Amino acid sequence: MHGEYKVPGGKLVVADLEVVDGVLRSPRISGDFFLEPDEALEAIDAALDGLPATLEAAEIAAKVERGLPPGTVLLGLTAEAVGIAVRRAVAHASDWRDHEWRLIHDGPQEPALHMALDQVLAEEVGAGRRPPTLRIWEWASPSVIIGSFQSLRNEVDPAGADRHGVTVVRRISGGGAMFVEPGNTITYSLYVPESLVAGMSFAESYAFLDDWVLGALGELGIKAWYRPLNDITSENGKIGGAAQKRLAAGAVLHHVTMSYDIDAGKMLEVLRIGKEKLSGKGIASAGKRVDPLRRQTGLPREEIIDRMVGHFRGRYGLVDDRVSDEELRRAEKLAGEKFENPEWTARVP
């Protein structure tokens, strides 16, 4: 059995092992990490040998930590990463490079259709009718997208939304509200089979699925990292946030919105949660909480997207694609029946 896990911001950890009578046998940990002393690698393998194959990653990590020689130094490697790599081996997890990735970057779409496309394309990947896909969004109009479990009245000021022509929609994933305007955000979705995140907890899969973005931002000169659970941030402030939904069909929907530019005043007139979080700090604080990519890079939005896509393509491969006629038909129907339906939008009043 073979499992791989790249530590976000760190190195690759590889686990090769067998499972015999329900326990781990002949485990071999390897990778491009740094480890001192050399004997620590043998100690890790010894700590893994004979462990029940049903242990979770955190339990495996605890066994590994107890087995390390005193003074062991781990660089680009953690005991938790070893546990995840082992779990991925046992779960027969797939790797990014095991899949032929598709890219969809269509023209601007209305908010409700974006929500519907997310659900439809994730279901298609889960059913095996579509390869894993990266979709870059373009917005046709301003919107507030609230999380699946958020209260509509607590998050959105309806008068502010009406005044600024902002459409409110509810997505199928959890998390917080997003304020978006055409040209001011970079939004993308990943539709992946569950096998890609097999062996990981919900929290661990967030950083794993966005590690390529940290690499792309690094090439743009931005030192970014993941702040649990779901924030992409830099020393200057938050860049973006992620949300995720695991579908019964066997797929994972993971989507991220990053700020390219921001109208802080308008945001505070539309989002009530923004007012609460920033109460007493003034509108200027909104620009500090979120540090847009335009200010950090000085680059046009289109160039940043091209660089991100190029990084993904170089790392995992990427074939240009589009939403099929059937997928679009299903999404348009779903948008009308669900995501434009006031009952769905206000399902948590």
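**Notebook: sheets, hairpins and one buried valine**

I began with a pairing in the predicted model: Lys245 stands opposite Leu253 in strand 15. Strand 14 (residues 237–246) and strand 15 (residues 251–259) run antiparallel and share 7 bridges. I took helices (H or I, at least four residues) and strands (E, at least two) as DSSP runs, numbered from the N terminus. Two strands were counted as paired if DSSP finds at least two bridges between them.

Before going on, I noted that residues are numbered from 1 along each chain as its sequence is written. Because the model is predicted, local features need pLDDT of at least 70 and side-chain atom pairs count only at pLDDT 80 or more, while totals for chains, interfaces and linings use all residues; side-chain values use heavy atoms, without hydrogens and water.

I traced an open sheet of 8 strands with mixed pairing, in the order 12-13-14-15-11-7-6-16. Strand 12 (224–227) and strand 16 (319–321) each have a single partner strand, so one side of each edge strand lacks a neighbour in the sheet. From one strand to the next, the twist averages 25 degrees. For such angles, axes are lines fitted to C-alpha atoms (for helices over the stretch in contact), and angles run from 0 to 180 degrees between N-to-C directions.

Helix 8 (residues 211–219) touches several strands, among them strand 12, strand 13 (231–234) and strand 14, and its direction makes about 150 degrees with that of strand 12. Helix 13 (residues 301–316) also packs on the sheet, with strand 6 (102–104) and strand 16 among the strands touched; its direction makes about 20 degrees with that of strand 11.

Strand 1 (residues 2–6) is joined to strand 2 (residues 12–20) by 5 bridges in the antiparallel sense. Here Lys6 stands opposite Leu12. The hairpin has 5 residues between the strands, and Gly9 takes a positive phi near 75 degrees.

Strand 2 pairs again, antiparallel and over 7 bridges, with strand 3 (residues 23–31). Ala15 has Ile29 as its bridge partner in strand 3. In this hairpin 2 residues lie between the strands, and Asp21 in the turn has a positive phi of about 50 degrees.

**Entry: Val90**

I located Val90 in helix 3 (residues 79–90). Is Val90 buried or exposed? Val90 is buried, with a relative accessible area of 17%; buried means under 20%, exposed over 50%, and partly exposed in between (1.4 Å probe, protein chains only). Apart from neighbours within four places in sequence, Val90 contacts Met1, Leu17, Val19, Leu24 and Ala53. I also checked Arg294, which is 204 residues from Val90 in sequence and 43 Å away in space, C-alpha to C-alpha.

For comparison I looked up Leu75, in strand 5 (residues 73–75). Leu75 is partly exposed, with a relative accessible area of 47%.

Strand 8 (residues 143–146) runs parallel to strand 9, joined by 4 bridges, and Ser143 stands opposite Thr167.

How values were computed:
Contact means heavy atoms within 4.5 Å.
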